[in-house]
Protein chains: 2
Amino acid sequence: MNVIPVAMATGEFRCTAYSCRVAKQRQRLSRDTIVGCAVTLADAEGLDAVTIRRLAQENGVTPMAMYWHFNDKESLLDALAEHLLDNVVLPEPTDEPWDVQLRAILAAILAALRPHPAFAGLAMRRVLAAESGLLLAERTLGLLAEAGLEPRRAAEVATFLLCSVITLVASDPEGVAEPSEEKLRRKQADMQALSPARYPHVIAAAPDLVECRSGEGFFTHNLDLLVHGVRASR
Amino acid sequence: MNVIPVAMATGEFRCTAYSCRVAKQRQRLSRDTIVGCAVTLADAEGLDAVTIRRLAQENGVTPMAMYWHFNDKESLLDALAEHLLDNVVLPEPTDEPWDVQLRAILAAILAALRPHPAFAGLAMRRVLAAESGLLLAERTLGLLAEAGLEPRRAAEVATFLLCSVITLVASDPEGVAEPSEEKLRRKQADMQALSPARYPHVIAAAPDLVECRSGEGFFTHNLDLLVHGVRASR
DNA sequence: ACCTGAACACCGTTCAAGT
DNA sequence: ACCTGAACACCGTTCAAGT
């Protein structure tokens with residue numbers, strides 16, 4: 001969290017709790033500072049809060065200033081996606097078996113996305129475009145070839161694996177990091193109020209169903225599931 | 001496609017190519033007609049085109065009329081999600097082994113979502129709320145218990161499986177059904193222009209990577225991967 | 001019960017212009 | 001090179017009012 005709460009003296013521009021830059025000495029804007037601001041904003045208030053106008057305001061600048069740094073909002077989102085992919089710390093190739101290495105790669109992606117569930121879903125649009133994304137794809141395809149998959153099948157599996165890992169993080173219905181604790185309890189109560197005759201398993205699993213996404217097991221177990229799936233489906 | 005193109009005589013309201021209701025005899029609005037309109041609109045122009053104001057216009061009605069039928073846009077999207085889940089034709093329970101039945105359920109979900117890639121992703125938010133979604137969850141949890149998974153693990157896997165199937169459809173970067181053929185070729189060309197030293201596998205797989213999502217194999221093979229994964233990770 | 005009118009606080013984006 | 005001002009065509013939503 002590189003949020004910088006500031007108590008403003010001058011009223012030069014509105015300075016919210018999530019203001020991303022200090023007012024006194026406003027250095028020049030850059031793509032990176034804007035992306036950084038967008039990241040903290042999305043983390044704190046969800047992707048919907050990431051707005052051209054809001055970003056401008058956070059930086060004490062006119063909305064139109066953004067258009068010098070980005071062509072349009074689409075390319076701003078692209079930059080957010082690439083920020084995620086750039087944060088993936090890809091493990092060096094080893095002489096371990098393909099499945100161990102594949103798991104390590106997927107885990108690395110997971111680790112980079114988990115801090116940002118609000119916009120992890122954006123990563124998908126740049127895996128085959130950004131350099132860091134292509135590197136992931138390259139390594140994944142290589143390992144799948146090593147596993148003995150024919151090319152077409154390797155492409156299908158690689159695409160699916162990357163999407164699945166992203167989904168593992170982004171599937172959370174709430175866009176924001178903290179699903180508010182309150183809503184979760186209500187959801188659980190709703191489920192347990194169902195007809196016990198028709199939904200016995202759902203009722204019994206209600207606490208797990210609402211909680212499991214925030215446990216460590218959800219990620220490790222389902223990564224295992226994926227890798228086992230690849231091995232078994234050859 | 002229940003799109004009704006109309007050659008308007010009167011100018012009573014603007015009638016686009018995707019107008020969802022005929023002008024001459026405007027019967028009453030209902031949640032169902034609005035949802036139907038939203039579905040064809042999303043299929044044709046993407047989810048972004050589904051707008052309170054646009055829906056009103058398509059139905060020759062004031063934007064505010066929507067607010068009698070839906071509390072807000074969120075609940076409109078909820079209705080879209082439930083429309084998807086309602087279309088799942090759940091296979092009857094049989095005495096086949098659990099994995100065969102599980103695959104059949106996942107395939108049924110897939111079949112319901114595939115016609116609507118633009119908003120298939122919405123399904124996630126209502127699986128544990130809508131009746132038809134809860135039925136899916138119930139059956140899935142039952143089969144996973146039958147497979148011998150402990151409750152917590154079953155909840156994790158069920159959540160992941162449902163998300164993954166949805167992702168299988170919704171992961172397409174383009175929101176619209178037809179990714180425009182033109183862009184696909186450009187994407188493929190971009191990839192094949194990469195450094196052959198650094199990205200040999202990506203370059204070789206370029207055609208497959210851009211095409212594989214529209215082939216039948218992408219879905220059947222990855223469904224198999226998931227089911228195999230469940231079996232192997234017990 | 002079902003819909004309209006007017007208004008509010010937001011969006012993304014373009015174009016010309018300033019320094 | 002970097003940013004502003006004014007304007008345009010959109011959003012979702014509220015509130016009071018009409019039939």
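Let's start with Arg114(B), found in the loop between helix H5 (98-113) and helix H6 (131-146) of chain B. Keep in mind that this is a predicted model.

What does Arg114(B) touch, leaving aside neighbours within four places in sequence? Val169(B), Glu216(B) and Phe219(B). Now take Glu82(B). Arg114(B) and Glu82(B) are 32 residues apart in sequence. In space, they are 15 Å apart, C-alpha to C-alpha.

Next, helix H7 of chain B, residues 151-170. H7(B) has 20 residues, so at 1.5 Å a residue it should span 28 Å. Its end C-alpha atoms are 28 Å apart, which agrees. H7(B) is also mostly covered, with 17 of its 20 residues buried.

On to a helix pair. In chain B, helix H8 (residues 182-192) packs with helix H9 (residues 200-211) at an angle of about 170 degrees. Their axes are 8 Å apart. An angle over 145 degrees counts as roughly antiparallel, so H8(B) is roughly antiparallel to H9(B). H8(B) brings Leu184(B) and Met191(B), among others. H9(B) brings residues including Ile203(B) and Leu209(B). By class, this contact has 8 nonpolar, 2 polar and 1 charged residues.

Last, the two chains. Chain A gives 49 residues to the contact, and chain B gives 49 residues. About 4600 Å² is buried between them, with 69% from carbon and sulfur atoms. Which residues of chain A lose the most area to chain B? Glu138(A), Phe160(A) and Leu225(A), together 15% of what that side buries.

Key: Residues numbered from 1 in each chain as written. Chains lettered and ligands numbered in written order. Predicted model: local features only at pLDDT ≥ 70, side-chain atom pairs only at ≥ 80, totals over all residues. Heavy atoms only, no water. Axes fitted to C-alpha atoms, helices over the stretch in contact; angles between N-to-C directions. Helix = DSSP H or I, 4+ residues; strand = E, 2+ residues; numbered from the N terminus. Parallel < 35°, antiparallel > 145°, perpendicular 65-115°, else oblique. Contact = heavy atoms within 4.5 Å. Nonpolar A, V, L, I, M, F, W, Y, C, P; charged D, E, K, R; others polar. Expected span 1.5 Å × (residues − 1). Buried < 20%, exposed > 50% of the residue type's maximum accessible area, 1.4 Å probe, protein only. Buried area = accessible area lost by both parts, 1.4 Å probe.
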